[in-house]
Number of protein chains: 2
Amino acid sequence: MTSFFDTHRKLLDEALAATRTREFHSAFPEIPSGKIYGETAKDDGLAAYEARLNAAFSLPGHPSEGEAGAEISPYGGALGTKYPEASADTLIAAAQAAKPGWAAATPEERVGLLLELLVRLNKRSFEIANAVMNTTGQAFPMAFQAGGPHAQERGLEALAYAYEAMARTPAAAQWTKQEGKGEPITMRKRWRVVPRGIALMIGCNTFPTWNGYPGLFASLATGNPTIVKPHPMAILPLAITVQMARELLSEAGYDPNVVLLAAEEPGGEIAKELALREEIALVDYTGSGTFGRWLRENAKGRVFTEESGVNPVVVTGTDDFKGLCRNLAFSLSLYSGQMCTSPQNVFVPKGGIETDEGHKSFDEVAQGIAVGIDKLLGDPARAGAVCGALAADATRERIDAAKDLGRVIRASTPIEGMDPQRSATPLLMAVEAKDRDVYMEERFGPIGFVVAAEDAHDALRLAVEGVREKGAITAAIYATDEAILDEAEARFAEVGANLSCNLTGGIYVNQSAAFSDYHATGANPAGNACLTDYAFVAERFRVAAARRPVASAAA
Amino acid sequence: MTSFFDTHRKLLDEALAATRTREFHSAFPEIPSGKIYGETAKDDGLAAYEARLNAAFSLPGHPSEGEAGAEISPYGGALGTKYPEASADTLIAAAQAAKPGWAAATPEERVGLLLELLVRLNKRSFEIANAVMNTTGQAFPMAFQAGGPHAQERGLEALAYAYEAMARTPAAAQWTKQEGKGEPITMRKRWRVVPRGIALMIGCNTFPTWNGYPGLFASLATGNPTIVKPHPMAILPLAITVQMARELLSEAGYDPNVVLLAAEEPGGEIAKELALREEIALVDYTGSGTFGRWLRENAKGRVFTEESGVNPVVVTGTDDFKGLCRNLAFSLSLYSGQMCTSPQNVFVPKGGIETDEGHKSFDEVAQGIAVGIDKLLGDPARAGAVCGALAADATRERIDAAKDLGRVIRASTPIEGMDPQRSATPLLMAVEAKDRDVYMEERFGPIGFVVAAEDAHDALRLAVEGVREKGAITAAIYATDEAILDEAEARFAEVGANLSCNLTGGIYVNQSAAFSDYHATGANPAGNACLTDYAFVAERFRVAAARRPVASAAA
């Protein structure tokens, strides 16, 4: 029988090769096309999603002491899906029982099974897209891409790194040392990968799969049973993932409790309870800086976080002003600014900038971006497809509260045909450099500030300081002066922000491509981890050796 | 001009290759022979060491606000060497000033310089051996091997891992994506290694270079200026290392304060002061579990530790009883049990074991080991060469206090011709399994317990429990039953102890060979780090990206 590992070896090897060259690579097609996914895939996915609604979610063999589920679609209506619920004690006991069997599997057995899981998840991308759309508020195209193939690629990337890190130590070696003129000494040595314990993956509301898969696949690959704790408003995408993982584990003869679901309703505190347990050796978390800090300071295990940040754009000049406005308009509008990669602050010299259209004053730059947003979102259908819906009531409240924070350049409006509580185009305001309390705070959602700096260098300085103090996952700069670009590259690197320069076409600062772009750096307050590097995988396992002498005749 | 990196490329590549195969590799000759190191090397090294005594230690350009130095040789007499002393504030300010230049160097420039440093250190192995001998109490042969070439190899190993981890990300890539039928999108991407901050390396009394070099070379290679804080009684070996590093840094045009010395006298608290500073991003530490825990709980940066442990030996049977006794006698005697790899507890079934010499009762096994020690150490010159001297008064006190803890099988004696306060052969006692308070505590020094277990499985179980609770860096087992060996391999792996099986010849459980044997695992209370794996290097740097579109004509 061909093993999963052999079957999917090419998928793994190509992913690994791409992470080395960091050239373009696609492992799973990002286009939601019937030609690729099957002519009935779209309808089948929708039907599968709808069958989940107002029903008990089935996880055979999963510990259950009740049920939980209070998800509400940002597009309207409760999902009505009810998941098995279990206490921290019960989940940990189940994971402990599943641990020996999973730990005893070889890296190839575990990685092979997880490659198969990714391939199966890919085939279910339409179903998962509907689940992501109706829990996060992402428009369908993004829910498909980011929630499906791109998330799967981020999982594959983490899996590839984890495999490489484990495979670097051989399973065995013969060690022969010649001492003096006597018989050489020969030792047979063997090494085995030792998992750290139980892993906890805490999902977020906005990108449950994209942000969740890397930690999940890295922890599982290295042998740690994993408890998946979704955000209470975005359980379904991860519950489907857990269900498929458990089915596959059972098929392959493992205890399905290698992957567990910690479902809860808003107000629950099981993430805290679990994180405080000695048995939880690894925690992956995406979300607010407040809980991120709590985890870093209190969790018993090693914590990998992506937290709050304030992503800056520095505008010092351009040879494509229209492209700049168009590009930033899209970046500010996409998923209503609810991406951890969305820009918030646009630093512009108060005296304006030089462009291919001549000098543009500070107000003309701000106005250019505002007009770009108006053009992009003029058609309501397109506005819905770009902005999607607001995932949380808190975001609506933030927008309403924010409009007095500066001089409004562009007011936020609901999107025609959508619930006004759940849709919003970007609010854009002008502020002064001194208004740090206003703009140097993450205002998650479609809220942007154009900040008046003294000059280009001051704009760069303010942006870099913001990253150092508040964190950032992305940074962007527009400049025609190579010296400024070089300076920006060095300064943003120091504070650990990945920089995009002069984006005027079809690539946006919000976007991060698996296998090529690292997501975050782990080097500023926006998080202590990077998706995916060695540091993200290397601490999830240890290696233990056994050595013994080999009789010289056998050597 | 050929760069250091090009000059030493082979040294690096061979080391990397060896860490992958984990077959035997020697980078620096371990034999203190004039044929290898030069006919005058031995005399020159001694003379260079003696010139350090009763003199000010020169570190040109090093911050100095006073002087410190109260080292006393375990072989008698104060060293009288006085080192520049500076406050934590001053050291951190100097490191901060040196940081930008070192961070701006490429990984190849830094690694090249550090390879050159290792080669220079190797040439000074005799001088360093004298410094190690007279601060640690190691006999000269061990001081040469472990303090010189073996320490250099452990540094090289860490350097090789650090280089591989940094080099895994290319400096640049061109990323081209075909979207639909239009022009492809091409981005030029660049990545740079970003150091974490300032590193602190806290050395130990017994193996200042062997345990210190891995962290030192890993932190420096990844761009972090490093403050070397030696144990107050073992400053000289690391001071010589710092001096040579600073000379080389100056020659190569870097600020010598990339490597700083934090010398202090007993009772000083500069390690604590430094560890509590935000600027200290990385801490490497070898020493007691008490301070190790304090560091893990209080230091601001990432902490890598090797701490206290209780190393077990499980004796269930053998086909070479004489070899077993000889081997364990050596392991218990070597450097008077002052190695973090020295065994302490020998678990033996109370009903005895089967051997090639027939059944041996519990007492016959204990007696066999005792007689092995007597034979090994019968000749005083040989005893001195094996045991060396006691590094600390506390060890003498522990031996004196320990002799009432069990039934004495073999009394500890001073070594003829050596200071009785500073020399001791192994004390060996028999205890019951229930005497956990006695044997499940690290009793650093030449103190061993033969513990009576119910049977072979109980012996294994007790040993494994001890590792889980108290930690261990090494474990050993003697068995003729393959099932027991398999069981031991699995159980010790779970608790993260590297296991040696049936050592009866010229390899000892205390020994760990660079490039092949990992030292510690990081998976039990004896420390959270392993020398050297990816986890030891991957968190010492981050990678930051800059990307920009390439005009399609250029693509």
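**A tour of the predicted model**

Residues are numbered from 1 along each chain as its sequence is written, chains are lettered from A and ligands numbered from 1 in the order in which they are written, and side-chain values use heavy atoms, with hydrogens and water left out.

Select Phe304(A) and Phe536(A). Their rings form an edge-to-face pair, 5.4 Å centre to centre with 70° between the planes (planes under 30 degrees apart count as stacked, over 60 as edge-to-face and the rest as tilted). Phe304(A) is in strand S9 (residues 302–306) of chain A and Phe536(A) in helix H21 (residues 534–538) of chain A, 232 residues apart; helices (H or I, at least four residues) and strands (E, at least two) are DSSP runs, numbered from the N terminus.

Next, show helix H6 (residues 107–123) and helix H11 (residues 236–251) of chain A, which pack at an angle of about 135° with axes 10 Å apart.

Colour the contact residues (heavy atoms within 4.5 Å): Leu113(A), Glu116(A), Leu117(A), Arg120(A) and Leu121(A) in H6(A) meet residues of H11(A) including Met244(A) and Leu248(A).

Finally, superpose chain B on chain A: a turn of 180° and a shift of 0.0 Å along the axis give an RMSD of 0.0 Å (least squares on C-alpha atoms of residues with pLDDT of at least 70 in both). The two copies are thus related as by a two-fold rotation axis.

Technical notes
Predicted model: local features only at pLDDT ≥ 70, side-chain atom pairs only at ≥ 80, totals over all residues. Axes fitted to C-alpha atoms, helices over the stretch in contact; angles between N-to-C directions. Phe/Tyr/Trp six-rings, centres within 6.5 Å; stacked < 30°, edge-to-face > 60°.
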